[in-house]
Amino acid sequence: MLKGLAPDQYKPRNQKNRMFSWRSPGKDGSRGSHHIQMTNGGGHMARILVVDDVQEAVDAIRKILEKRGHEIIGYTDEMAAIDHVTNNPVDLAILDIKLKKLDGVEVLGRLKEVQPDLKTIMLTGYPTHASVEEATRLGANAYCMKPIDRGELERKVDDVLSQAS
């Protein structure tokens, strides 16, 4: 509920991004319209790149994060994902370590060449000391284990997005 307003004074216009509208009297007695957009996580809506060689994994992450108001750009082809970021900066990249042509650490390196301040979360079902060390050296902000736990993914996305660039 929006503070100071009765439930019948506001209504969600868009449940996905929780866009609220309400009308209130202006100083001159006229009725004014007000709008506010909120995301479920309390943060801002972010453009998030998701790269995984399994389409079902991309779809699962999309489903979780779109419910929190984020825009998801998903790819199963790492080269297409790199091309996308070259022309369209994103706020966060979520990269699987095991991909088809390149591994996720190589993709991370290439994305950082294009967008040095890019925040990243690495996904892995098989963490190795070498891959964790290399991804950390290249600037990965966090790791998330597969199979993906919704709560863990949501927390890590919120944490990484809230970090200063």
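How many bridges join strand β4 to β5? The count is 5, and the two strands run parallel.

## Basis

The model is predicted: local features need pLDDT of at least 70, side-chain atom pairs count only at pLDDT 80 or more, and totals for chains, interfaces and linings use all residues. Residues are numbered from 1 along each chain as its sequence is written, and side-chain values use heavy atoms, with hydrogens and water left out.

## The sheet

An open sheet holds 5 strands in the order β5-β4-β6-β7-β8, with parallel pairing. Strands are DSSP E runs of at least two residues, helices H or I runs of at least four, both numbered from the N terminus. Pairing requires at least two DSSP bridges between two strands. β5 (71-75) and β8 are the edge strands, each pairing on one side only. Twist averages 20° from one strand to the next. Axes are lines fitted to C-alpha atoms, for helices over the stretch in contact; angles run from 0 to 180 degrees between N-to-C directions.

In the β4 (residues 47-51) pairing with β5, valine 51 stands opposite tyrosine 75. Helix α1 (residues 55-66) packs on the sheet and touches β4, β5, β6 and β7 (contact: heavy atoms within 4.5 Å). The α1 direction makes about 175° with that of β5. Helix α2 (residues 78-87) touches β4 and β5, at about 160° to the β4 direction.

## Strand β7

β7 (residues 119-124) has 6 of its 6 residues buried, meaning under 20% relative accessible area (1.4 Å probe, protein chains only).

β7 pairs in parallel with β6 (residues 92-96) over 5 bridges, and with β8 (residues 142-145) over 4 bridges. Leucine 95 stands opposite methionine 122. Threonine 124 has methionine 145 as its bridge partner.

Terms used:
Buried means under 20% relative accessible area, exposed over 50%, partly exposed in between (1.4 Å probe, protein chains only).
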